[in-house]
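Here is a short note for someone opening this structure for the first time. Please keep the model in view while reading the points.

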Amino acid sequence: MKRKLVASLLAAAMTVGMLSGSTMLTFADEAATEGDVQTVSADGAVVTATEQTKATDNDLVIALEGSVSGLDPQNISDTNAISACMGMYETLLGWDDDGNMVGVLAESWDVSDDNLTYTFHLRQGVKFHDGTDFNADAVIANIDRVSDPDNKLNRRRLFIITDENGNETKRITNIEAKDDYTLVITLNQPYNVFLNKLTQFMIISPTALKEYGNDIMNHPCGTGPFIFKEFEEGDHTTMVRNDDYWGEKPSVDSVTIQEVPEAGSRTAMLQTGEADFVYPFTSDQINAISGSTDINVTASPSNIMRYVTLNMNLKELSDKRVRQAMNYAIDKDAYIKLMYNGMGLPATSCVPSIISYYEEQTPYTYDLDKAKELMEEAGYGDGFDLTIWGDNTTQEIKGMTFVAQQLSQIGINVEVVPMEPATVSDSIYVDEADAKINMWYVNWSASDRSFDSSVRALLTSDMVPPTSANTAYYRNSDFDKTLNDALASNDEETLKADYAKCQEMAWEDCPWLFLGNDEVIYASKSYLSNCKVNPDGSLNFEHAVIAQ
Amino acid sequence: MSTVTQTADEVILSKPEGRFKQFWKKFLKRKAAVVSLIFILLMIGVAVFAPIFLKYQVQAADYNNMLAGPSMKHFWGTDEFGRDVFTRLMVGTRLSLFSALISVVIGTVIGVILGVLAGYYGGIFDSIVMRCCDILFAFPDILLAIAIVAILGPGIINVIIAVAVFTVPSFARIMRSATLEAKEEPYVEVARSIGCSPRRVLWKHVFPETVQSLIVNFTMRIGTAILASSSLSFLGFGANVTEPDWGAMLSQGRNYLNSAPHMVICPGLLIFLTVLAFNLLGDGLRDTLDPKIK
């Protein structure tokens, strides 16, 4: 009898399974997105909460995808670490909401006509968390620390110039405290992104530096609105309100940045109230919160550039026509729709439109006929094989698969090779003779928003691996020269013309597959306000308010 | 004279036929096993002929129709690239079934040779083989497979090798005990005493006696192998992410669990049913072949 039951159940299950399954799975219809594109209102609201709730505590919990790699502000490069440090530390200069440069610890600044001497008038009455006064000497102590090669800090690059033979010279020839609150810095050659770079240069208490040396990462001490409380690598970073803050005091009692790699878990934490703010909130999670009435989802423009580098040392990819054909073969609109639910824009230059001196280029409109024609012309009508490398996260694999699908239309057979992020960099930063890279699916955002920072490490000749990230091995002496010329100028017209020329060259030469600029999407509880994500993906929680 | 020869021929011919008929009659009584067999044959048919009858291309993306639920157009909905899930699963049958089949065949051949020789000859060879098997047994199957793939690197060929490796010890052990049993049978002793070569004794007299356990275990092991190779692909060790492998599809679908559950349910159901079918078929075969169960 039991056996019979099993048999008939099995038969039933298998019949349903084999025939269609549509009756069994109809509930999926309601939840399915049908691939529709989300509409975003002018203020960036994707989903607006219908219910205004109140929080039970005044502690802000932020769930982030990636990890905070460390808290030494002069030795970090990833966005999440910058976010965490920016809560505790401050810079001389910063950005306002409209993208204008504003003074933070410097009240004002002057630049000499020859672009070499910078005078900063510092804010008075600012104290570090340990009680030390902030003054010109504090800034000098920080610059001294970061310039010292023995400290091996990665922000050191800002203060040195490396020529093509790898020789280093100091960028700053003289630094002087005219009085306690006037700082004069003299450079040895014009460097028009110096102020942009300073927006990322955080000032540490000189007393703490003396006490802890390079162990400062475990004892952060700045002037910021929050005071360090606890850091557990790979888990969370906690800071509490600085009641002696010189500016507008934060409203929340504490901020905890929690690392939660799974998108679904972050969503669940937001729904249960375990987290108040979630970033990134992937667009495919929007359906998951349809039952919640107290969640806001917001999209805002980013300076994240999504692209695929093409190794121009490869025989096939050394032909410009092939690279252009590949760009024509990619449906950028479909990319944005597929990857970001339509929240983003196709790339229209080698930098996102939010970067200064961006110039729109003639798009490589999706055109398979033209692409095939170019391939034919280049002698690759039958196509060839390539690999594409990238991180093994959900989104990156999806993006790589998309590129593979698109390129297969013009006969290029692409093998998708997802790898651990550490393995990717190990494979990429090798000597040129050993480089096995064909294509790299990657993204880049320049936190200082300058054009120079957006392209220098990626497209100039002396930045090929292992030195830096010019993984296309793009070598265009015109491009290099124009970019360097621009750096020495402070004439708006010249800068505009030079940077426009750079963009034109890069666009025409196609060292990359230009994909798109996605928007940053984040979600928060409706009781939380004034907490947002900056265009480079860093957090802005200083003025966050939790409704009680 | 001629009549006698004819009779002898008939006897020789009708003997295996009779055994098969008997077996078949018994097997047909096991309904679950019969249904499983039909299902498996159907899946094999799909694996062979899928590309001929399917409406969609396996890699054909439709960016206007992503993550769509089941409909008349797409029986089992579409995935995150708008590819037809039904098509991918059917084409994936080939990959999943054949990789499981190949790995089990390899594992079985090695396991049978080792097991039969160890059982028949005994001594130091037997000890070495069995202790090696014990070492392999000490690891959980999937962990062992992950370790092997971690050493060899990801890829479907390496998954086949990994699954084959953990198939070997169980076969070696089963075949060894079956051989030990058969070795003691009087007719084997007779064969030996009339001077048959060890090769002939092994091949003609001992091995056939072990075939029953071989068939049963072989069938069951295919189920395990499908599960193992799907698990490895799910974890990202197996087939390339772009391939329509069941495990890989399940892994991708996991990301859309709350918005497009069909992407998980369909491959999951298929893996479940296929593994179940092989296990039930194995069960049925055992019941049929075991002379102790009438």
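1. Start with how chain B is held together. Of the contacts in chain B between residues at least 6 apart in sequence, 69% join residues at least 24 apart. Two residues are in contact if their C-beta atoms, placed from the backbone, lie within 7 Å.

2. A word on the model and its labels. This is a predicted model, in which local features need pLDDT of at least 70, side-chain atom pairs count only at pLDDT 80 or more, and totals for chains, interfaces and linings use all residues. Residues are numbered from 1 along each chain as its sequence is written, while chains are lettered from A and ligands numbered from 1 in the order in which they are written.

3. Chain B has 10 helices and 0 strands. Helices (H or I, at least four residues) and strands (E, at least two) are DSSP runs, numbered from the N terminus. The pattern along the sequence of chain B is α-α-α-α-α-α-α-α-α-α. Its C-alpha atoms fill a box of roughly 80 × 50 × 30 Å along the principal axes. Buried residues account for 45% of the 294 residues in chain B. A residue is buried if 20 or more other C-beta atoms lie within 10 Å of its own, exposed if 12 or fewer, and partly exposed in between, with C-beta atoms placed from the backbone.

4. Look next at helix α3 of chain B. α3(B) has 37 residues and reaches 52 Å from its first C-alpha to its last. That is close to the 54 Å expected at 1.5 Å a residue; the expected span is 1.5 Å times one less than the number of residues. The helix has a kink of about 30°, centred on B:G92. The bend at a residue is the angle between axes fitted to the seven residues ending there and the seven starting there. Just after α3(B), B:G122 takes a positive phi of about 65°.

5. Is α3(B) mostly covered or mostly uncovered? It is mostly covered, with 26 of its 37 residues buried. B:I106 lies in this helix. B:I106 counts as partly exposed, because it has 17 C-beta neighbours inside 10 Å.

6. Chain A has 15 helices and 26 strands. Its radius of gyration is 26 Å, close to the 24 Å that the globule rule gives for 548 residues, so chain A is as compact as a globular protein of that length. The radius is taken over C-alpha atoms, and the rule is 2.2 Å times the number of residues to the power 0.38. The C-alpha trace of chain A spans about 90 × 65 × 40 Å along its principal axes. Buried residues make up 45% of chain A.

7. Which residues have the most contacts inside the largest nonpolar core? They are A:I62, A:C85, A:V308, A:I388, A:V403 and A:L513, in a core of 223 residues. The largest share of this core, 14 residues, comes from helix α3 (residues 85–121) of chain B. A nonpolar core is a set of buried Ala, Val, Leu, Ile, Met, Phe, Trp, Tyr and Cys residues joined through C-beta atoms within 7 Å. Leaving out residues up to four places away in sequence, A:V308 touches A:I388, A:V403, A:M439, A:W440, A:Y441, A:W512, A:L513 and A:L515.

8. Strands β5 (residues 106–111) and β6 (residues 117–122) of chain A pair in the antiparallel sense over 5 bridges. Two strands pair if DSSP finds at least two bridges between them. A:T119 in β6(A) is the bridge partner of A:D110. The hairpin has 5 residues between its strands, and A:N115 in the turn has a positive phi of about 65°.

9. Check two cis peptide bonds. One joins A:Y279 and A:P280, with omega about -10°. A:P280 sits in the loop between β14 (277–279) and β15 (295–300) of chain A. Another joins A:P465 and A:P466, with omega about 5°. A:P466 is in the loop between α13 (451–459) and α14 (477–487) of chain A.

10. Finally, check the backbone at A:N341. This residue is not a glycine, yet has a positive phi of about 55°. A:N341 lies in the loop between α9 (332–340) and β17 (344–346) of chain A. A:N341 counts as buried, because it has 26 C-beta neighbours inside 10 Å.
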